[in-house]
Amino acid sequence: MNGGSVTVLLGFTQAIALTMSVAFLVYVYVIIVPYLRHRPAPPGDPSRFEWHFLVPCRDEELVVGPTIRYLRTTFPQAHVWVIDDDSDDRTSYVVEGLRYGHGEQSRYIHLVRRTRPQARTGKGDALNAAYREMKAWIGRHSDLTRQILVVVDADGRPAANCLSACAGDGLFGDPTVGAVQIDVRMSNRDTPPPRRTGWRRWLGSTLVRMQDLEFRTAIAAIQKSRGYTGTISMGGNGQFARLSALDSIAGATGTPWRGSLLEDFELGVHLLTEGWRTGFTMDTHVDQEGLYDLRRFLVQRTRWGQGTMQCARYVRRIWDSKHLSTLGAAEMLYYLAQPWMQLLGTLVYPIPFVLLAGRTVTSPGWVWQWFTGGAWVLFAVYGSFGILPFVIWGPIYWWKCERKGSFLRALGYGAGYAAYIYTFYITSWRAVFRLARGRNGWAKTRRNAEVTDGVIALDH
Amino acid sequence: MTATNVAARPSSALPRMLTAALIALAMLLVVAHRAYQTVEISLAGLLLHVFTSSGVYVVAGQQTVYFGLGSTHPLGLTMTPECTSAFLLIPLVLVSAVLVTLRPAIATRVLGSLALAALILIVVNQLRIMTLAALVGWLGTDRGYYWGHTMIGSLVSVFGGAIALVLFVWLATRRSRVERRNERRERA
């Protein structure tokens, strides 16, 4: 490569990097404002609806019992549907034990059994099975607009006010709202990992703290801003959906949830393009266990990244929908493009540094003079732009969510989050390799309580 | 909640041609970046003529402008691929191509937004050169160039880029008055 080509490549990559950085800075500013302006909405009357918790389980004997007990105690009026996806452990025994706990069958606890080869084909299929069984149980003459399904992880703990918060006038109180996502928190954010000491204990705690920070600030802010674009998306835990809305997208096969690894986002796409509105609330939350283990975390995020990549097939559907504004479609396109932009970033961002390193080898004196002659300012400016949009969530988290310790701790959270976010560059590459090799299976991340022999995900 | 959820798609080949033209424009900006830089530096020369009292001389073939001639701080600036606005336009042109492909109905709006954003980027790059010239005249060659080219120049680029980007997205994606009225009716 001659000098001219190098300069052109440098100019081009600088322009791309600058555009992406500026776009991201603007995006972060745009999502922070509605997040900071959030005011709680008045709650609604939950008795206007019938509530059904759906708990998909695959080898969850360790956590499902306490979850059912919690749901039945906290929401006595709600039904709990446990979907046993042909577990190898005693999940179904635990459920049956609770179902017949007092000698008679509880009419509020239901077990949906799935068996191989139909079972273990993905979370979406498991939810669809429960949806069909539930519909048959409810009967044809029930008012489907009043039936609300709530997807909860096997270790999920929805807050006690979640039904009243979701019944509010701005959420299910509005008949055009088909689904609502609630805020997600990590239940173990203040609990250090058991069986770990020293730096591994610190790393585990920090990883969980970062997951809590991510969900309660950055993701919540993104969701809040989506209220303006009309594109609030669904998550895998704390996902509320109106049965009539699910019916409208279920088709003849009775499958409102589809087959991608990001079946929650996919559900949102189908609802939005069908004309339903979706909602998000920070007035309530669901607690789930954050992952202490970096490898398990990377597996989980790889699955999410791969799921996002798979959902690229919906780009045409999104843009063709008359129900989505151009801004909304652009927002969804931006979301779907993120793993691909991360891949592009890993290719583009290092180029100026590689070229600089080459120049340093050939002309160290010139590079030193260039650096001390003002280029350091550029490094400082662009370095700040690369890190500040992530660091800022640390103080916001400290201020709005967990006001413990000094402001230094807030800055530490921010620095940790900036480092945490760079793991996405790894997971995006892992996801694209899995995609290229046709490995589209459901890699269910193992829970903290599961002590394993090195296998950290269950694929099929 | 209706069965028809797909917006009507214009059958004309025009959007496809427009997309091809935009992609061609992006490629042209790469291939002919030197010619673009020549135009850019000539424009800078004209503006420097207007805004400075000392001598200005443009060597178009080398994409260089000399200013402050006859003063105590003469300086020559070369428009390099790192400094040109040509490459900053490329992402916007490509995004426009994507928008026109995905929603042909907004093609006119996208082209208008692109034209405005491009104009802002070009003006901002000229502003950067003018700022540099002003700082050289005020602080002297070394300090003026140091602050003008690095700190202030970068900030001008970033803020200019942000303004161009925000305007581009806002204008390209906002609903027309008719669409807003229809939506209000639908909700009512």
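Predicted model: local features only at pLDDT ≥ 70, side-chain atom pairs only at ≥ 80, totals over all residues.
Start with chain A and colour its strands. You'll find an open sheet of eight strands, ordered E3-E2-E1-E4-E7-E6-E8-E5, with mixed pairing. Look to the edges for E3 (109–114) and E5 (157–158) of chain A, each of which pairs on one side only.

Now select residues 50–57 and 79–85 of chain A: these are strands E1 and E2, and they run parallel, joined over six bridges.

Helix H3 (residues 91–99) of chain A lies across E1, E2 and E3 of chain A, at about 155° to E3(A). Helix H7 (residues 243–250) of chain A packs on the sheet too, touching E4 (147–151), E6 (177–186) and E7 (239–242) of chain A, and its direction makes about 75° with that of E7(A).

Hop over to chain B. Here three strands make an open antiparallel sheet in the order E1-E2-E3. E1 (55–59) and E3 (75–78) of chain B each have a single partner strand, so one side of each has no neighbour in the sheet. From one strand to the next, the twist averages 15°. Zoom in on E1(B) and E2 (residues 64–69) of chain B, an antiparallel pair with four bridges; B:Gly55 has B:Leu69 as its bridge partner.

Last stop: show both chains. On chain A, 35 residues are in contact with 32 residues of chain B. Select H1 (3–36) of chain A, which gives the most to the side of chain A that touches chain B, with 14 residues. That side divides into 19 nonpolar, 13 polar and three charged residues.

Key. Residues numbered from 1 in each chain as written. Chains lettered and ligands numbered in written order. Pairing = 2+ DSSP bridges. Helix = DSSP H or I, 4+ residues; strand = E, 2+ residues; numbered from the N terminus. Axes fitted to C-alpha atoms, helices over the stretch in contact; angles between N-to-C directions. Contact = placed C-beta atoms within 7 Å. Nonpolar A, V, L, I, M, F, W, Y, C, P; charged D, E, K, R; others polar.
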